[in-house]
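Dear colleague,

I am handing over the structure we spoke about, and I would be glad if you looked through it with the notes below at hand.

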Amino acid sequence: MTIEVRGLTRRYGDVVAVDDLSFDVLPGTVTGFLGPNGAGKSTTMRMVLGLDRPTAGSARVNGRAFAELRAPLREVGALLDPGAVHPGRTGRAHLRVAARTNGIPTARVDEVLAQVGLERAARRRIKGYSLGMKQRLGIAGALLGDPGVLLFDEPINGLDLDGVRWIRGLLRSLADEGRTVLVSSHLMSEVQQTADRVVVIGRGRLIADTTTGELMRGLGARVVRVRTPEADALLEALRGHRVARAGVDELHVSESSSAEVGALAHAAGVPLHHLSELEQSLEEAYLALTGDAVEFAGHG
Ligand SMILES: Nc1ncnc2c1ncn2[C@@H]1O[C@H](COP(=O)(O)OP(=O)(O)OP(=O)(O)O)[C@@H](O)[C@H]1O
């Protein structure tokens, strides 16, 4: 039960939505799929689900292209666009149609309705559903075929706190049952709370593919802020370190400590006017990581 993405590329005219992307999603884990708006997350998921055609490369589920899966809904379930349902149908009727067309026993419909907590609304028309209820119905649809691979595109969008907690618990339990779970979000904080692994993309390209812990350690690294009237001399003394020039008299040193920077400055006879450690918040660090990849940055 895996998702394998290899050299996946999708162009729309001049826009490269997904750019030579490769990663694996493994069973028993929740993998967060993280990137700013327009990064290419939905396009990637659509290609995994056979809803869009790669310009190059491949996306495989359990070793096969989606079109080659014999019983697709039993192998992979997805929540993509919860609004894309017939509003005049009841939730139950909607799922029964999906079950029938996919050779899934209709008894399964009531099971998944119970699993997502929609039993009481099952006989009401979808047009009367709240966003959260539509989201739950979409998830029920994803679970219908009891698939080993699940994709959720921004599942917490528009949910209240209870709904968010419920989704987190559901993702966890699906992974604990040994399933392969890929969940997209544009929020670092969300992925931090739910995912074991993270695939970060920006402008369609892979930025990071690692465990959540590693990503947080890397991103949360302290930066030493130092000010000196002799910045060039200090730069020289810090050779071999990762240093960014933040102004005429200010340097930011990564992967170091104020003790180390202070000692190096002292040894080189460089006077310091300021020395401190900046603790980056995870959200800031994530923005720094994907900053160059943001398609439309807000100003002011
Ligand atoms: N059918 C399409 N035709 C033209 N361009 C498209 C199409 N689908 C997506 N794009 C473009 O591809 C890029 C990636 O879009 P995509 O929706 O995959 O990003 P995303 O990471 O899911 O973002 P969001 O969080 O906003 O949904 C964007 O520049 C988008 O405008």
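The domain bounds used here come from an automatic or database domain assignment, and on that basis the chain is divided into domain 1, residues 3–218, and domain 2, residues 222–279. Please keep in mind throughout that this is a predicted model.

Overall layout

The C-alpha centres of domain 1 and domain 2 lie 45 Å apart, and the C-alpha trace of the chain spans about 80 × 40 × 40 Å along its principal axes. The secondary structure comes to 11 helices and 13 strands, and of the 300 residues of the chain, 38% count as buried. Among the contacts between residues at least 6 apart in sequence, 69% join residues that are at least 24 apart.

Which residues are the closest to the ligand? The ligand is surrounded by 13 residues, of which Tyr12, Ala17, Asn37, Ser42 and Thr43 are the closest. By type, the residues of this shell divide into 4 nonpolar, 7 polar and 2 charged. Strand 2 (15–25) and helix 1 (41–48) each supply at least two residues of the shell, and the largest share, 3 residues, comes from helix 1.

Helix 1 is itself mostly covered, with 8 of its 8 residues buried; these are Lys41, Ser42, Thr43, Thr44, Met45, Arg46, Met47 and Val48, so that Ser42 and Thr43, listed among the closest residues to the ligand, also belong to the buried set by the criterion of 20 or more other C-beta atoms within 10 Å. Helix 1 is followed by Gly50, whose phi is positive, near 70°.

In soluble globular proteins, nonpolar side chains tend to be buried together. In this model the largest nonpolar core has 58 residues, and those with the most contacts inside it are Val112, Ala140, Leu144, Leu151, Leu171, Val181 and Val183. A second, separate core of 10 residues includes Leu234, Leu238, Val261 and Ala265. To return to the largest core, one of its residues with the most contacts is Leu151, and Leu151, leaving aside its neighbours within four places in sequence, is in contact with Met45, Val48, Leu49, Val76, Ala78 and Leu182.

Helix 5

Helix 5 (residues 131–143) has 13 residues, which at 1.5 Å a residue should span 18 Å, and its end C-alpha atoms are 19 Å apart, which agrees. Because 10 of its 13 residues are buried, helix 5 is largely enclosed by the rest of the structure. The buried residues are Lys134, Gln135, Arg136, Leu137, Gly138, Ile139, Ala140, Gly141, Ala142 and Leu143, and they pack against strand 5 (76–79), helix 3 (91–101), helix 4 (107–115), strand 6 (149–153) and helix 6 (161–176).

Val164

Not counting residues up to four places away in sequence, Val164 touches Ile156 and Leu159. Val164 and Glu190 are 26 residues apart in sequence, and their C-alpha atoms are 9.5 Å apart in space.

With best regards

How values were computed:
Residues are numbered from 1 along each chain as its sequence is written. A residue is near a molecule or strand if its C-beta atom, placed from the backbone, lies within 6 Å of it. Helices (H or I, at least four residues) and strands (E, at least two) are DSSP runs, numbered from the N terminus. Ala, Val, Leu, Ile, Met, Phe, Trp, Tyr, Cys and Pro count as nonpolar, Asp, Glu, Lys and Arg as charged, and the others, Gly among them, as polar. A nonpolar core is a set of buried Ala, Val, Leu, Ile, Met, Phe, Trp, Tyr and Cys residues joined through C-beta atoms within 7 Å. A residue is buried if 20 or more other C-beta atoms lie within 10 Å of its own, exposed if 12 or fewer, and partly exposed in between; C-beta atoms are placed from the backbone. Two residues are in contact if their C-beta atoms, placed from the backbone, lie within 7 Å. The expected span of a helix is 1.5 Å times one less than its number of residues.
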